Amino acid sequence: MDQLAPLIDPFARAITYLRVSVTDRCDFRCVYCMSENMQFLPKRELLTLEELDRMCSTFIGLGVRKLRITGGEPLVRRDIMTFFQGMKRHLDRGSLDELTLTTNGSQLARFADQLAEAGVKRINVSLDTLDADKFAAITRWGRLGKVLEGIEAAQAAGLRVKINAVALKDFNEDELFTLQEWCASRDMDLTFIEVMPMGDLGNEDRLDQYWSLKDLRARLAERFALTDLEERTGGPARYVRVDETGQKIGFITPLTHNFCESCNRVRLTCTGQLYMCLGQEDMADLRAPLRDSADNAVLENAIRAAISLKPKGHDFDYSRQVVDGQMSRHMSHTGG
Ligand code: SAM
Ligand code: SF4
């Protein structure tokens, strides 16, 4: 592939990280993410696996070095392994540094080996609780045992696993140390995510469950010595090292503004819309240029035009937001 000029946005940020939602469907219905009776998109709206390959390959040609596959639940998309196997060629050629995914873990027992064969080295598994009943309540449809089995299979396949837990007041506050110790004992890093006002959280059955990570971190610090790590991923995550265990713990605070200046990422929805910023509604449709022309230059131009519109930063309380800073999009659509 010819080397094209890299993607640089108007604020001189190089776009090297693409998150791709490959489906809006999921086998869980986590209360903070989806409503119980979700209306999913008709299949024809979704990019086909071939279109996904072409889209991602074009981004890679424009300098994207890291791909994170997400959803919905990426592993419920039919034949998704074909897509992963296809992306392996970019890893093999050295044009892609990392191919990874964020998953709820339910299908990992089935796919862990194939993911490893496709060159995936690390995965994020979302898991908020180790209590089977609480797990069933928060995911509505999930079964903890299956996820634990999946995590074991992933580790057995040689994949490095990081656990992502949404911090929820009155829900997993009491599991802070249980989760931390469980991860440490299995050599897994752990990242806490501050809950965002999406999914069902704005509705009447609103879970008033915001638990600030500042408070969570302070509680951890009562028991352990925490060293701040310099590591930055260009995203909303900050990391500490737990001196006693060597474990890395991350804090993702999507609502704070301390990372926009280093933002290196854009998000592609399963329908081919490119969101330039997690906190803004601005998006560009890339499906039309992809479908309208077999000439890749058309798609490349559309991508460049979209990147030239990447906003400087986000603000969840801007008046441009839908209701009081609440996003109308579901995370499962944009890909968390
Ligand atoms: N289904 C996969 C999973 O659960 O890992 C991938 C998609 S999911 C939308 C990606 C991440 O977004 C998960 O870690 C999930 O916990 C997180 N998430 C979903 N809704 C959220 C919300 N309202 N606030 C914060 N994180 C959220
Ligand atoms: Fe599905 Fe992930 Fe959303 Fe849960 S957080 S409903 S597993 S997409």
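Helices (H or I, at least four residues) and strands (E, at least two) are DSSP runs, numbered from the N terminus. The model is predicted: local features need pLDDT of at least 70, side-chain atom pairs count only at pLDDT 80 or more, and totals for chains, interfaces and linings use all residues. Residues are numbered from 1 along each chain as its sequence is written, chains are lettered from A and ligands numbered from 1 in the order in which they are written, and side-chain values use heavy atoms, with hydrogens and water left out.

The protein chain has 10 helices and 12 strands. Of its 336 residues, 57% count as buried. Buried means under 20% relative accessible area, exposed means over 50%, and partly exposed lies in between (1.4 Å probe, protein chains only). The chain exposes about 14,600 Å². Carbon and sulfur atoms supply 49% of that area. Accessible areas come from the Shrake-Rupley method with a 1.4 Å probe, and for residues only the protein chains shown count as cover. Contacts were also computed (heavy atoms within 4.5 Å). Among contacts between residues at least 6 apart in sequence, 72% join residues at least 24 apart.

Helix α5 covers residues 144-156. The expected span of a helix is 1.5 Å times one less than its number of residues. The 13 residues of α5 should therefore span 18 Å, and the end C-alpha atoms are 18 Å apart, which agrees. Leu 144, Val 147, Gly 150, Ile 151, Ala 153 and Ala 154 are buried in this helix. The cover over these buried residues includes helices α3 (108-117), α4 (132-139) and α6 (176-185). Strands β4 (122-126) and β5 (160-167) are also part of that cover. After α5 comes Gly 158, with a positive phi near 90°.

Thr 139 is found in helix α4. Its relative accessible area is 3%, so Thr 139 is buried. Two polar contacts involve its side chain. A polar contact is a pair of N or O atoms within 3.5 Å; within protein, one must be able to donate a hydrogen and the other to accept it, and residues adjacent in sequence count only if both atoms are side-chain atoms. The side chain of Thr 139 reaches the backbone oxygen of Phe 135 at 2.7 Å. A polar atom of that side chain also lies 2.9 Å from the backbone nitrogen of Gly 142. Leaving aside residues up to four places away in sequence, Thr 139 touches Phe 28, Arg 29 and Cys 30.

Thr 102 is buried because its relative accessible area is 13%. Its side chain makes a polar contact of 3.1 Å with the side chain of Arg 68. Not counting residues up to four places away in sequence, Thr 102 touches several residues, among them Arg 19, Ile 69, Pro 74 and Asn 124.

Two ligands were examined next. A residue is near a molecule or strand if one of its heavy atoms lies within 4 Å of it. Of the 18 residues around ligand 1, Tyr 32, Gly 72, Glu 73, Ser 126 and Met 196 come nearest. By class, this shell has eight nonpolar, eight polar and two charged residues. Ala, Val, Leu, Ile, Met, Phe, Trp, Tyr, Cys and Pro count as nonpolar, Asp, Glu, Lys and Arg as charged, and the others, Gly among them, as polar. A nitrogen atom of ligand 1 lies 3.0 Å from a backbone N or O atom of Tyr 32. A polar backbone atom of Gly 72 is 3.0 Å from a nitrogen atom of the ligand. An oxygen atom of ligand 1 is 3.2 Å from a polar backbone atom of Thr 103. Taken alone, ligand 1 exposes 540 Å², and the protein buries 95% of that. The elements that give two or more residues to its shell are β3 (98-103) and β6 (189-194).

Ligand 2 is surrounded by Cys 26, Phe 28, Cys 30, Cys 33, Met 34, Gly 72 and Asn 104. Five residues of this shell are nonpolar, two are polar and none is charged.

Backbone angles complete the survey. Most residues other than glycine have a negative phi. Ala 12 has a positive phi, near 65°. Ala 12 sits in the segment before β1 (17-21). Its relative accessible area is 64%, so Ala 12 is exposed. Asp 187 also has a positive phi, near 55°. Asp 187 lies in the loop between α6 and β6. With a relative accessible area of 51%, Asp 187 is exposed.
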